[in-house]
Amino acid sequence: MRRFLIILTPAAMLAASVHLAPAQEAAPPPALAVDTAAGLPQWQKVYEVFSHPRCANCHVEDDRPRWSGAHYGATRVHAFNVQRGTDGSGFGNPGLRCTTCHFSSNSNILHGPPGAPNWHLAPAEMVWFDKSSAEICAQVKDPARNGGRTLAEIAVHVRDDKLVGWGWAPGPGREPAPGSAEETYQAIEAWSKAGAPCPAID
Ligand code: HEC
Ligand code: HEC
């Protein structure tokens, strides 16, 4: 009831008590108050990480991881005809698995393969590459497309997962994602607490 009251003006409260009180039992529960002013700046921090090439190059809709950054020249599809894999696993085609070249830690040589445990492409529905802030926001909140996670689970995944962590320690020549895993975890928590608002579709 308290949440309901803070979003109503006194006039509306009076109107509600006069006209709507009899229907109250049947009314749907009030929606969680969304604090857009507090939440959107937190989402912006999350978006700047998720859309960064160190993250988005593995979160693609098609079958090709991307390479991008100064030492690659431009954004391009991964060389060597690397694919998601005919089995849809994200680990690459049999005979040319990601782990043929990507080990559990980074090569120290410029243009050597980066590494982290369990290196593979994110499922296609978790797409961020070339997507807008509004689109990424909607995906992250959708359990049908985020691996069935709550926002609290997303935050913990970002803080603790080794593939995610690689984005802040990507090896020679690659720009790290902005901030840190801990800062991104905090931003997701704060955004979630503010009701997880998404920006308007642009
Ligand atoms: C090497 C590839 C790779 C990189 C790089 C990568 N991810 Fe992922 N990501 C994955 C895979 C694979 C999954 C699916 C894991 C699962 O569902 O268990 C995933 C899932 C996720 C999820 C949960 C689902 C969703 O889309 O909401 C989040 C959050 C996430 N990654 C964040 C990040 C962030 C942040 C970065 C960069 C700092 C990053 N990832 C970089 C491969 C990658
Ligand atoms: C034949 C070897 C080989 C295979 C197989 C391979 N990679 Fe790579 N990958 C590389 C090399 C080498 C680099 C670094 C290139 C450079 O820095 O110039 C790289 C870089 C990357 C990057 C970093 C791009 C960036 O901009 O930060 C990602 C992401 C990536 N690979 C994902 C994958 C995924 C996912 C698979 C499996 C589906 C895979 N790779 C399979 C050799 C390979």
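The structure is a predicted model, so local features need pLDDT of at least 70, side-chain atom pairs count only at pLDDT 80 or more, and totals for chains, interfaces and linings use all residues. Residues are numbered from 1 along each chain as its sequence is written, with chains lettered from A and ligands numbered from 1 in the order in which they are written.

The protein chain has a mean pLDDT (the predictor's confidence in each residue, from 0 to 100) of 88, and 84% of its residues reach 70 or more. Residues 1-23 sit below 50, and beyond near neighbours in sequence this stretch has eight contacts (C-beta atoms, placed from the backbone, within 7 Å) in the model. Where pLDDT is low, the predicted coordinates should not be read in detail.

Around ligand 1 there are 23 residues (C-beta atom, placed from the backbone, within 6 Å), with C55, C58, A122, M126 and G167 the closest. Ligand 2 has 25 around it, and P65, G92, C98, C101 and H111 are the closest.

T184, Y185, A187, I188 and W191 are its buried residues (20 or more other C-beta atoms within 10 Å of a residue's own, all placed from the backbone). Seen down the axis, the buried residues of α8 fall within an arc of 165° (directions from the helix axis to the C-beta atoms), so they line one face. Their cover includes α3 and α6.

Notes: A residue is buried if 20 or more other C-beta atoms lie within 10 Å of its own, exposed if 12 or fewer, and partly exposed in between; C-beta atoms are placed from the backbone. Helices (H or I, at least four residues) and strands (E, at least two) are DSSP runs, numbered from the N terminus. Two residues are in contact if their C-beta atoms, placed from the backbone, lie within 7 Å.
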